[in-house]
Amino acid sequence: MPVKTRFAPSPTGYLHIGGVRTALFSWLYARRHGGSFVLRIEDTDRERSTAASIQAILDGMAWVGLDYDEGPILQSDRFPRYAALAEEMLARGTAYRCYCSREELEAMRAQQVARGENPRYDGRCRERKTAVAGVSPVIRLRSPRAGTVVVHDLVRGDVSFNNADLDDVILMRSDGVPTYHFGVVVDDADMGITHVIRGDDHLTNTPRHIHIQQALGVSVPTYAHLPMILGADGGRLSKRHGAVNVLEYRDRGYFPDALLNYLVRLGWAHGDQELFSREEMIELFDLAAVNTAASRFDPDKLRWLNQQYMLVRDRRQLAGEFAAYMAHRGQPQEAGSALEKVVDAYRERAATLEEMMQASHYVFNDFNEFDEKSAKQHLKQSALPVLTGVLQGLQALATWEREPIHAVLQAVAADLGLGFGKVGQPLRVAVTGGAVSPPIDITLEVIGRERVLRRLQMAQAFAQARVS
C-alpha cells in the first residue's frame, strides 16, 4: 500500500515551530517513500476555530514550502459523515447514548478522587435502554474493559495500555459535533492514511483511537510519536522561547530552508551532519533514526544555521531574496547587479535578511546626522585634508568601481603621509554616519557615486564648522 501521511492542525491559533516540525516529518516520510501528503484542518472547535487561523496555517505552509497532494480538507465540511457513522455504531451496539448531566459527571469524578481513583466515566449509561426526556445525549464508544491494547510505535516501540484504565470516550457531542477523537479516526480511515506522525502528547490518545478503529472495522495506521520540543532552558516551549507564528521568522529574515534544516535536527540525526538540502532530507530521513528524548529549541543555533545559508547562497538568488524582503518591509529595491554587490558586501556581517537590511541601511537611505561619538572622534579638524583629498579624487573618477576607488584612497594616504586606516575611518563616518561598515572601498562602491560625494561634502561642512 502506498504511504500516505497527513498534517492535521487545529485552526485555533497560528502555525508555530512544533506544528511545522510535525508537518515536516510527515512530509519527508511521504516524499521519501514516494507517497502522498495531506493537509487537513481540524476545525470542529466552533468557538475557537477562525478563518484567520486557517489562513495563517495555509500561509505558513506555503512559506516553508511544504506542499501537499490533497487539501486543505476541512472537518467542518464532513459533519454528515461523522453523524452517519455514529448512527451505524449505535445500531451495531459498539456505541451508546449517554444522558448524564454535567452535574452528575462532576459528582461522579469528585467521588472517585475522594476514593483515590483516577477520575473517568464509569459507564453508568452503557446498558440504559430508555431515553431521558428533555436531555440531548452524547454518543460514547462502548470500549473493551478487559485486556490490553498495544500501540506499535515506530519511534517508541510497543507501548501497552490496560483497557480497564480507559473510559468510554465521547464520539459525538450533544450538539451533533464530533469530538477530536472520533473525527481524527474517521478522517484517517476515509483518507487512507497509512502513517500517523504526531507529537508524543497524543500517545495516550492512541489506545482510544485504536478502540474506535476496531469498532468501525477499519485498519489501524502505523503510528510514530515525536519527542517534545522544549525551550532552551528546558521548560515547556512558549512564545518567549521562539514558539511564535512561523511567519514571524519570515518577517525576521530567516530562510525557510534554514528553518526546516534546523527543525529536522530536533529529534532526528544523520551522523554529525548539520547542513541538509531538501533533497538530502528526503533521501536520508528515517523514522527509525528519530530519538525519544525531548529536544531543546535554541534560537542561537537557528541563527547560526541561517548564517551558513547566507554565506553559501548564490549571489543572484540572495539578491532576489533580499529585494523581496526589502519590499516586504516597505523598502522596495530592484534586484540586479547593484544589489548583488550589496549582498556580497554584507553577507558576512549578517545572519538574517533583517540584519543585512539594518547593516546596509545607509546604502539605501540618506541621513542628516552623524553618530555623535564617531563624529567627535573622526570628523575633526585633522580630517579635513582627508575629506577634501578623497572628494577631489573621487570626483575625477571615470568609473565607479572598487579598484579605482581604492587607488584614490591609497593616493590620498600617500600624499598626506598617513596610514590607510587614518583615511578610511573618517571617510567611513562621513559616508555611513557611523564607525562600522565593510571595507571602505567596497562600502563606497555599493553606496554609489552621487550619495558618496554628497555625504563627503556634508562631512566637510561638519568638520569645518567644528574648526570655526
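This is a predicted model: local features need pLDDT of at least 70, side-chain atom pairs count only at pLDDT 80 or more; totals for chains, interfaces and linings use all residues.
Which residue in β5 is the bridge partner of Cys98? The partner is Val138.

## The antiparallel sheet

β4, β5 and β8 form an open sheet of three strands, in the order β4-β5-β8, with antiparallel pairing. Its edges are β4 (95–98) and β8 (170–172), each of which pairs on one side only. From one strand to the next, the twist averages 45°.

Strand β5 covers residues 138–141 and runs antiparallel to β4, to which four bridges join it. The Cys98–Val138 pair links these strands, with Val138 lying in β5.

## The parallel sheet

Strand β2 (residues 36–41) pairs with β3 in the parallel sense over three bridges. Across this pairing, Val38 stands opposite Glu70 of β3, and Arg40 has Ile73 of β3 as its bridge partner. On the β1 side, β2 is joined in the parallel sense over four bridges, where Thr5 has Phe37 of β2 as its bridge partner. Between these two strands the chain passes through α1, and the β-α-β crossover from β1 to β2 is right-handed. A right-handed β-α-β unit is likewise made by β2, helix α2 (residues 51–64) and β3.

How many of the six residues of β2 are buried? Six of the six are buried, and the strand is mostly covered. Ser36, Val38 and Arg40 point one way from β2, while Phe37, Leu39 and Ile41 point the other way. Both sets are buried, the charged Arg40 included.

Strand β3 contains Pro72. The peptide bond leading from Gly71 to Pro72 is cis, and its omega is near 5°.

## Helices α3 and α5

Helix α3 (residues 79–92) and helix α5 (residues 180–190) have axes that come within 11 Å and cross at roughly 100°. Because angles of 65 to 115 degrees count as roughly perpendicular, α3 is therefore described as roughly perpendicular to α5.

On the α3 side, the contact is made by Arg81, Tyr82, Leu85, Ala86 and Met89. On the α5 side, the residues are Phe182, Gly183, Val186, Asp187 and Asp190. Sorted by class, the contact has six nonpolar, one polar and three charged residues.

Is helix α6 (residues 206–216) mostly covered or mostly exposed? The helix is mostly covered, with ten of its eleven residues buried. The buried residues are Thr206, Pro207, Arg208, His209, Ile210, His211, Ile212, Gln213, Ala215 and Leu216.

Notes
Residues are numbered from 1 along each chain as its sequence is written. Side-chain values use heavy atoms; hydrogens and water are left out. Buried means under 20% relative accessible area, exposed over 50%, partly exposed in between (1.4 Å probe, protein chains only). Two strands pair if DSSP finds at least two bridges between them. Axes are lines fitted to C-alpha atoms, for helices over the stretch in contact, and angles run from 0 to 180 degrees between N-to-C directions. Angles under 35 degrees count as roughly parallel, over 145 as roughly antiparallel, 65 to 115 as roughly perpendicular and the rest as oblique. Contact means heavy atoms within 4.5 Å. A crossover is right-handed if, with the strands pointing away from the viewer, the path from the first strand over the helix to the second runs clockwise.
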